[in-house]
Amino acid sequence: MGIGPLLLCVLLIVVLWWGPGWLLGEALGVRRTLLPVVAPLLGMGALTVIGVMGNSLGLSWQLLPVSVVLLVLAAVLFGLRLLLRRRFPDKFQTRVRTQPSIFGKHRFAGSWWILLVGLLAGGAVAAVSWFVGTEGLLGINQDWDIPWHANMIRLISVNHEWDPSIAGNFAYYDTTISDAPIRSYPIAFHAVLALFWPMSTVSIPVFLNAFVLVMMAVQLPLSAMALTMILTRRPVAVAAAAAVSGWFTVYPYDLLWRGPLIPFFAGMLLVGPFVFLAVKGALERQKFWVLGIAFGAVGLIAVHPSLAFVVLPVLFFWLLSALIRRKGRILGITVYLAVSGVLAAIIGLPIITQMLKESERVSKMMWAPDTDRNGAIQNIVFLNHGSMAMPILTTLVALGCLAVAFRIRMWWYFCPVLAFAFLSVYTMGSDSPRFLNLTAPFYDDQWRIFGILVMLLVPLAGLGVAQAGEAIEWAVRRFRNRRAESQESGGKNGRRPNHVVTAAAAVAVLLVCGVGAIPYFKQNAERININTKIDGLTLSSSEVDLLSKIDQYVPQDATVLNDACDGSVWMYALGNRMPMIRHFEILPTNRQLLVLQKLPELATDPDARAAASELGIEWVYIADGRIRAWDEPKAGLTHPDSIPYLKLVVRDGNAALYRIDWSQLPGGKQAFDAASKDRVQLDGVPGILENRKPDGIAPLGRIC
């Protein structure tokens with residue numbers, strides 16, 4: 001891949017991620033110092049509302065009509081804001097602030113430069129780790145979830161429709177969708193990326209890798225800054241949190257190699273901006289921001305619904321602290337947030353209703369603990385979970401906790417941290433169902449919950465760096481004063497903190513910690529590279545080549561028989577042709593399983609032949625890559641070259657494509673065409689099918 005397509009891809013992602021929200025933020029009067037942080041949140045919310053409501057009105061989910069609707073929405077909101085400010089200047093006119101800086105009393109000359117340095121440092125470390133771990137953005141994740149996300153992006157870009165039910169149809173076209181495990185799916189993440197991917201000229205895996213690169217380089221440190229601003233406005237602490245954000249292994253790296261959980265990761269990067277926007281809007285009583293907060297809430301839950309259960313405890317405990325510290329304003333703050341929440345529920349009701357269809361399936365997910373309670377506590381203390389211990393970061397977090405302990409105004413932050421620490425211990429070190437309802441929104445997944453905890457610890461690490469810098473500055477200042485007194489210079493002793501010394505000391509602390517954290521940086525890249533390969537065990541380079549050009553051999557409306565466990569679930573994302581099984585997790589129907597087991601017996605077994613005909617199977621893809629080393633190939637696909645009616649079309653390394661010669665089978669091609677008449681294309685999109693004779697799902701438990 002050349003540098004030109006990659007730069008174009010990155011540019012498109014930047015425009016996609018920040019552009020819509022920036023436009024909406026300008027319309028709502030969000031200050032431009034905040035827009036880089038909150039624009040992705042606002043944009044995701046606005047596009048979600050347009051997608052859900054537009055789908056009910058028949059809006060085609062394509063870049064041009066969506067852009068027109070977005071421009072009209074922004075123009076209406078901008079006009080409404082100007083009208084209200086002109087008609088009711090006392091209520092809607094922006095008041096003059098005595099402290100125009102977002103840093104308040106902590107502002108000093110050079111604050112923004114310090115933030116920029118922290119942003120660049122944190123983004124550079126995270127981006128390099130991801131770039132190296134993905135083998136120059138060309139690697140494809142060899143594990144569980146990523147082909148689903150890639151397939152959904154192509155499906156929506158071809159279908160031009162925002163409808164979560166297409167995910168269920170895509171997965172289970174051969175059964176009754178209402179009975180299938182996946183009936184709906186939160187597709188906001190995929191739908192938004194589907195708007196721009198066709199213009200990128202790169203494959204979907206590369207596009208996803210480039211998207212995460214931008215998230216790591218920019219959005220990750222920005223999100224850490226926003227979350228830290230809720231705790232403290234100290235510029236050094238905010239910048240240090242940005243710098244440290246890319247050092248942790250559990251967050252975000254374990255969320256990206258295990259699956260990877262890209263939508264969940266992207267949603268986590270919106271938690272800090274949402275809380276910051278809500279808190280700042282409530283404190284400053286920014287009336288036009290109410291709609292922005294509502295859009296942000298919709299965008300957050302649309303990317304991943306479980307993140308609402310992260311935001312709510314943080315806002316709840318912050319509100320409790322406000323109740324104590326701001327007694328005269330608590331009613332206005334509460335009403336402001338309540339109105340924002342009600343408005344979010346109203347405009348987000350369609351997407352919330354769609355997502356509730358999956359709540360039962362999600363709540364039944366359970367992950368076994370991987371250690372005991374003492375081991376779980378040790379994992380939390382040393383910030384490791386299947387990785388090396390991180391005493392350097394533990395020390396920074398401990399310093400941050402010490403700083404919070406001496407500032408009563410910050411004590412509220414311990415509550416959400418301790419809450420998720422408790423849930424982490426519970427999920428890692430216990431199999432008791434006592435608190436299962438609390439972990440159900442996160443799939444009872446210890447990795448997700450621990451990742452959330454570490455995300456909440458990043459601001460404490462930043463505060464720890466700032467505290468160390470302030471301590472060093474205090475010691476330097478005191479040494480200078482004593483020296484001046486001993487020399488009886490008669491000069492004026494320095495009693496005010498020197499911000500230059502504080503910042504320099506914090507940088508020195510970060511540099512020393514960074515040198516000590518070099519093994520962490522190396523581990524982070526290696527962590528990503530565990531599953532992300534150009535040539536891996538599930539998908540070899542030969543398999544990728546064949547899947548990418550499979551459309552040269554297979555007609556567009558065909559369904560290809562495949563074994564999901566060999567990586568062929570990537571077929572649609574890479575080559576725009578539909579495999580029979582579309583994801584590692586999807587259980588086959590009874591007739592699909594029958595064909596997989598008895599493909600060599602089509603000539604002698606009428607049931608197997610009828611099943612293959614009803615499924616429209618004329619093409620067969622076989623490869624020897626396995627997602628799990630212990631997975632056995634399906635019985636019918638083990639010796640394809642010995643099947644007389646199976647003709648080799650093309651072979652590329654360890655991957656091969658065959659075609660069934662139905663003329664050699666009883667009934668011939670006419671019987672095949674007649675039996676497949678019950679399979680009907682929906683909306684003209686290959687793979688979006690309706691089977692008028694739906695089959696039941698095979699009772700396998702899991703296919704791979």
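Buried here means under 20% relative accessible area. The model shown in these close-ups is predicted.

**View 1. Helix H29 and its burial.** Helix H29 covers residues 606-615. Of its 10 residues, 7 are buried, so the helix is largely enclosed by the rest of the structure. The buried set is Ala-608, Arg-609, Ala-611, Ala-612, Ser-613, Glu-614 and Leu-615.

**View 2. What covers H29.** Both helices and strands contribute to the cover over the buried residues of H29. The helices include H28 (590-598) and H30 (668-675). The strands include E3 (559-561), E5 (617-623), E8 (679-681) and E9 (689-691).

View 3. Asp-605 caps the N-terminal end. One of its side-chain oxygens lies 3.0 Å from the backbone nitrogen of Asp-607. Just after the helix comes Gly-616, with a positive phi of about 70 degrees.

**View 4. Gln-446 in helix H23.** Gln-446 belongs to helix H23, which runs over residues 446-486. Its relative accessibility is 3%, so Gln-446 counts as buried. C-alpha to C-alpha, Gln-446 and Gly-45 are 28 Å apart in space; in sequence they are 401 residues apart.

**View 5. Surroundings of Gln-446.** Neighbours within four places in sequence are left aside here. Gln-446 is then in contact with Ala-368, Pro-369, Asp-370, His-385, Thr-427 and Met-428. For Ala-368, the backbone oxygen lies 3.0 Å from a polar atom of the Gln-446 side chain.

Technical notes. Residues numbered from 1 in each chain as written. Predicted model: local features only at pLDDT ≥ 70, side-chain atom pairs only at ≥ 80, totals over all residues. Heavy atoms only, no water. Helix = DSSP H or I, 4+ residues; strand = E, 2+ residues; numbered from the N terminus. Buried < 20%, exposed > 50% of the residue type's maximum accessible area, 1.4 Å probe, protein only. Contact = heavy atoms within 4.5 Å. Polar contact = N/O pair within 3.5 Å; in protein donor to acceptor, adjacent residues only side chain to side chain.
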